[in-house]
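Please keep the structure open while going through the points.

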Amino acid sequence: MKMSPYGHLAQRSRKTIWTALILVILILAVFLLSMNLGAVRMTPQDVVKTLFGGGDARQHLVLFTLRLPRIVIALLIGAGLAVSGAVMQGLTRNPLAEPGILGINAGSGLAIMLYASYFPVVTLGTAFMMPLCALVGAGLTAVLIYGLAFKKSEGLSPSSLVLNGIGIAAGISAAMIVLAVRLTPEKYQSVYIWLAGSISGTTWNYVLALLPWILILVPFVIYKARVLNVLVLGDKTALGLGANLDRDRLGLLAAAVGLAAASVASGGAISFVGLIGPHLARRLVGPNHKYLLPVSALLGALLVLTGDTIGRSVMHTGEVPTGIVVAVIGAPYFLYLLAKAKA
């Protein structure tokens, strides 16, 4: 007996709920593990005791000042980058599109390099100037890419958006190499740590700075899931269904850039999250963005939190930046997708 469309929809909804529940359980498991691991090891009993008001001053410092802000920021950054990548893939109809590949991360990095070239390293280390520079750089890069890809006669071309993004990212990367030669060793070290995607030293101020972006833009994008589903069908079909192509694309692109810029500003240039999260979500719950976007957010949060936990615990005397751990996971997957696309 053939299942009705309503039956398929109910089945997909149940599958999405179960998938999301499993991901939430995995996130909670890594969350608890991450509170235990690090340069200062804490037993599960110590963690529980400290969370409920017990523990000594050192345990309070480690848990509430050092670890919890870092764990929360990792979850927010992962969710923001993954949702941003899902939107960019939908808008460009290109499965390889994500904030890093389209030049958003590179624009943020160039702004940081420019700031580091002309201001003292003491100022560079402040909590707000580097994220602010990253936001400005990402926004200007996005405007440039959009302006070059937009044509009055044709509107916004998804293929031109990707090609312009890749070209601009390559040019910005070359400019960053030139600027790096001018930096003093101290300044270069500060910039390198940020570009490597390290969230070490995160405070609650960074969490509070990123949280409004996630709480506003992620629900907005999920609310626009139906519009994104229509845009994926192609321009002619979307126009036939009543979509306002330029307005809808611009609004969703602005939301995606805002999420990527805010996430990169808080955690540095962490790549591949916007690529891996949506792809895995698409395999788990299908292409409908109503289900794809929330699951992408959970997968991105899990990926960045796992990467940060591994980076903090793999070395005894130091740590590996989160961006490097995520890149080690993401680069082979990117090559697999690239080979699959060519096949």
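1. Val 328 is exposed, because its relative accessibility is 60%. Here exposed means over 50% relative accessible area, buried under 20%, and partly exposed in between, with a 1.4 Å probe and protein chains only. Val 328 sits in helix H15. Helices are DSSP runs of H or I with at least four residues, strands are E runs of at least two, and both are numbered from the N terminus.

2. The model is predicted: local features need pLDDT of at least 70, side-chain atom pairs count only at pLDDT 80 or more, and totals for chains, interfaces and linings use all residues. Residues are numbered from 1 along each chain as its sequence is written, and side-chain values use heavy atoms, without hydrogens and water.

3. Which residues form the nonpolar patch on the surface? They are Tyr 188, Tyr 192, Ile 193, Ile 324 and Val 328, with about 450 Å² of accessible area together. Helix H8 (185–195) and helix H15 (322–342) each supply at least two of the patch residues. H8 gives the largest share, three residues. Patch members have over 30% relative accessible area and no salt bridge; nonpolar side chains (Val, Leu, Ile, Met, Phe, Trp, Tyr) are joined within 5 Å, like charges within 9 Å. A salt bridge is a Lys or Arg side-chain nitrogen within 4 Å of an Asp or Glu carboxyl oxygen. Areas are Shrake-Rupley values with a 1.4 Å probe; for residues, only the protein chains shown count as cover.

4. Ser 296 belongs to helix H14 (residues 289–313). Ser 296 is buried, because its relative accessibility is 0%. Beyond four places in sequence, Ser 296 touches Ala 82, Ala 86, Gly 277, Pro 278 and Ala 281. Contact means heavy atoms within 4.5 Å.

5. Ser 263, in helix H12 (residues 245–267), is also buried, since its relative accessible area is 1%. Neighbours within four places aside, Ser 263 contacts Leu 76, Ile 77, Gly 80, Leu 81, Leu 210, Ile 214 and Gly 268.

6. In helix H2 (residues 44–51), the buried residues are Asp 46, Val 47 and Thr 50. Seen down the H2 axis, they fall within an arc of 100 degrees, so they line one face of the helix. The arc is taken over directions from the helix axis to the C-beta atoms. After H2 comes Gly 53, with a positive phi near 100 degrees.

7. Overall, the protein chain has 15 helices and two strands. Of its 343 residues, 50% count as buried. Among contacts between residues at least 6 apart in sequence, 76% join residues at least 24 apart. The chain's accessible surface is about 16,500 Å², 71% of it from carbon and sulfur atoms.
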